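Biologist: I am new to this structure and would like to learn how to read it. Could we go through a few features one at a time?

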Amino acid sequence: SDGKLRGVAAIVSLKITGVPSQSSTQLFSWPTLPFGSPSSEHSFEVTVFECHKETFIIPEFLYSWRINGLDKAIEFNNYGVDGLRIFGHETEYYEDGAEDEEYGGFRASMENILATNEDELHFKDSGYRTIDCNFSVYSAWNVAVEGAPVPAPIVPKISANAAETFERWIPKMLRLDPSVQDFLDPVDTSEYVDYLDMIEVPMCLSLIQKRLNCNYYTNKRSVLADMELVKENCYKYHGNDNHLYTTATLMYENFKSMVDSFVEEGQVLLKFASADGEILSFHYNLSFDLKPLLLRYSVESGVLLKCLRFNFDQTVIHTNSRRKQIPSELGMKSGGTYSIRVLKLSAEEQRFQELYEQKIQLDKVRRIIARNVIASFIWRCHEQGQQRKARKAITDLVWRRIALRRRQQLRIGVIMIQKLHRGLSTRKIYGGQVQMRLEEFRQFSSVWKQTIEQVPRSVHTLTGWALVRERIDVKKVEFMDEDGNLADTDEKLNKALTGALNEEVAEAGESEEGEIESKIDDLTIEENSAGAENDQAELDWSQFQVTAHVVKFMKTGDAKYREIFVKKMKQLAKGERSHKLQKPLKGCESTIYESYLENKGGGFRILWTQEDNRIVVWFIAKHKWVSRLAKLIDDAKNRTARQQMSDSFVSEMESGNYTCSDSPSQGKKEILLDALGNVPLKLYDVNFDNVDDIAKKSWTPQMHLTDEEREVVEAKGTVLLLGRSGTGKTICICNRIEYDRQRLGHKPNFSQLFVSRSSQLCRYVKDAVGNVEGISFTTFDTLVRHLIESPLSEVINGNFRPRQYVNFARFNQDFYTERYPQENVSALIVWKSIRTFLKGSIEAFQTSTGLLSKEYFIHPKKLGKNRCKISLEMRDIVYDIFLQYQLWMDEGHLWDDCDRILAVLKGMQDAKKSHSSAYDEQIKKSKLYVDEVQDYTQLEILMFFYIGGGPGALF
């Protein structure tokens, strides 16, 4: 083009999907549609510049419409252009310094069709500048004929609901995280003069908002691409170790999750959940067949389709059925999110399925062969003149079919008669008692009806002993009955209830398999009834405990399982016992109970044990995993018992003074270990008063604390908690926050602050504690940036621009590698020495310059071997490198973390004196909680003490 290049508009990855056909009969100077398929795949990347008039990349549907419109219009005009008018759009750019740009349309009359006179191969026969108008020449793909006999295409665009949802996200994100403000407006190139040299396509949130307002985007993926461009631009300019890139990444992940979960009208979001926990999500049309989607899942998961089984709401989605599997016919509704469970068939199940398919195919072949044999026999009889024999064969075939149907109807009738007979027999046995009870009820109502209506009704209607029990404190009543009659009565009622339930299940018997399974379970309960009843007699059913595995199942599982789990736990708490509620597993060293979450054979099971006077729900898993998980629970309890040996056990064994005791763990509190790892078992307390909350998606259980954890949580003063990963340090922090809030929350101006280097951990603790007024959750970088930008901006000396920040990567690449390429001292050792001792220590802070002196650093008694592992000879070399590093920093006006923390500390000291009220309101916190404190330098820990107002506030 002869227009002026204005700048990069986009970088596009393209793939060749069609090639223009070269035909000798081509009528016009542009390709004839449709395009042919390429001989091989080829992808390439192009940089698109803003230029004058021409558009070289347009959607395929728009190109086809314009070219077809030109072809048809010229053909209908007797292959002439007289009287044909065209219209299009062009961009007229003003010279540099102009105030505005215009994007306008034009209309013109065609005068001639020119031949392509370009020598370049990619312009040859392309239609480039072939439409001759009054004063201009246009390309065939850039114009359209007025009144073309080709229907105008429907331009794809994002729905109004989606655009409104995405547009509301930007101000919502600004309220949640004020640091997103940095990405709202375009980058100020007067301050960052090299920005356009490094960034080809600038992008910001305000531009995305404008594009949403003017229907710029064709689909939600294009919006996500612009949001990803914001993150990529930040990475190119600032690097991946800058706080701006961290904010951009979190912003992009938040927006992506929102886009992925948004469902258009007429579509559903299907989540395929496999047994190993992997979840793949797809947006799918509500009226399309599911088979192509199942095949797509098979390809992406890398598992053959015949090896998978798909279940939706207890309905099997058949992959080999001829009938279409439509989402709307399966009960799915527009805009909904649904989960499809994916099961990988075992080798035996795959073999069974193959045999079943072969049997179906064989039956089809047999029917076809039988039909052909019968037709051939009848036709042969007819040709030979044996009409009577043919009629007899047809009659026998028809009557055989009729007889089969009659037998089926007779069997259905017999089953119905048996049901009626059982009903009549039951009414005959119990009808008299029922009639007598009804008569007594009528007499009672006639006398006491008015009195009953005047008595206020209770909230709950009691309909049986199991429901009455929960209103009675049985233990208190037992103490009142000296003869123990109530205890015996309670035991008898429990046995009677169990027997009645077993009898009812045996009579109901939905299938032979269910009857056999019930009988086996009844025998199991009878064998273990004595031990089980003794165990259950002392249980405290006011609350129970669940493991983290159960909590994860409740969070990610189907809502119906949560409701069934609540129902089962209520039944156990009310005293109900049956083979499906309390089934002791055989072959286990410890007593492990199984409760049925599903009644079908391979359904989910609840595995729980009794620990002292409480129950612990360990797992909710498929029936096929019960044996393995029970073995893991046994192993965990054995490991728990082994750890309870006394501290003097080994010494007593060596000296021969060890004496056997019935309780080797006397004096030590038992700590259950996780079945899937050698770490303490994380337990959550669930009260039966709030058990219905489990069915809610927002359910957050309360963590259970051991005596040691409770001692840590209630400790006074500054607490430093040590422990390896998985030992419950974060649990202690969460409970300490709640403990301080309950103890001191009534005081005026009480505030709490949680600090961590990980944003994911901040989010986790925030979800566990809850979003309560007066407590803040922030990362360390965000905290320092907040202190510099708002409260201390007037008293802090220094300009901490992101472009001048020095981290280890920049220190190693720009300073150490260039100046000390042959040095034997590692760059990491020098960097750690600078951060830990030379600039980040308390001794350095106490000096006037903020830097540790050389005499102090190399003195053997000042920094001992236990504190500084660097040898005395190497310390001299490290300090000389440090001095050169400081000169390099001063020359480039650079800064590192220690400089920023030092400025913040001095600013906080000045703020205490000059702005004491602002310091107390905006900086000081009543309680401060820091995670992974070993990762901070002494200066950074000192900053925490300043924020907390001194010792005693830090945990």
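Modeller: Start with strand pairing: two strands pair if DSSP finds at least two bridges between them. The model is a predicted one. In it, Asn311 has Arg341 of E13 as its bridge partner.

Biologist: In which sense do strand E11 and E13 pair, parallel or antiparallel?

Modeller: Antiparallel: E11, residues 308–312, is joined to E13 over four bridges. Strand E9, residues 267–274, pairs with E13, residues 337–344, in the parallel sense, over six bridges. Ser274 stands opposite Val342 of E13.

Biologist: At what angle do helix H5 and helix H6 pack?

Modeller: H5 (residues 220–238) and H6 (residues 243–261) pack at about 170°, and their axes are 9 Å apart. Angles over 145 degrees count as roughly antiparallel, so H5 is roughly antiparallel to H6.

Biologist: What kinds of residues form the contact of H5 with H6?

Modeller: They divide into 13 nonpolar, two polar and six charged. Among them are Leu224, Met227 and Lys231 in H5, and Tyr252, Phe255 and Asp260 in H6.

Note on methods:
Residues are numbered from 1 along each chain as its sequence is written. This is a predicted model: local features need pLDDT of at least 70, side-chain atom pairs count only at pLDDT 80 or more; totals for chains, interfaces and linings use all residues. Side-chain values use heavy atoms; hydrogens and water are left out. Helices (H or I, at least four residues) and strands (E, at least two) are DSSP runs, numbered from the N terminus. Axes are lines fitted to C-alpha atoms, for helices over the stretch in contact, and angles run from 0 to 180 degrees between N-to-C directions. Angles under 35 degrees count as roughly parallel, over 145 as roughly antiparallel, 65 to 115 as roughly perpendicular and the rest as oblique. Contact means heavy atoms within 4.5 Å. Ala, Val, Leu, Ile, Met, Phe, Trp, Tyr, Cys and Pro count as nonpolar, Asp, Glu, Lys and Arg as charged, and the others, Gly among them, as polar.
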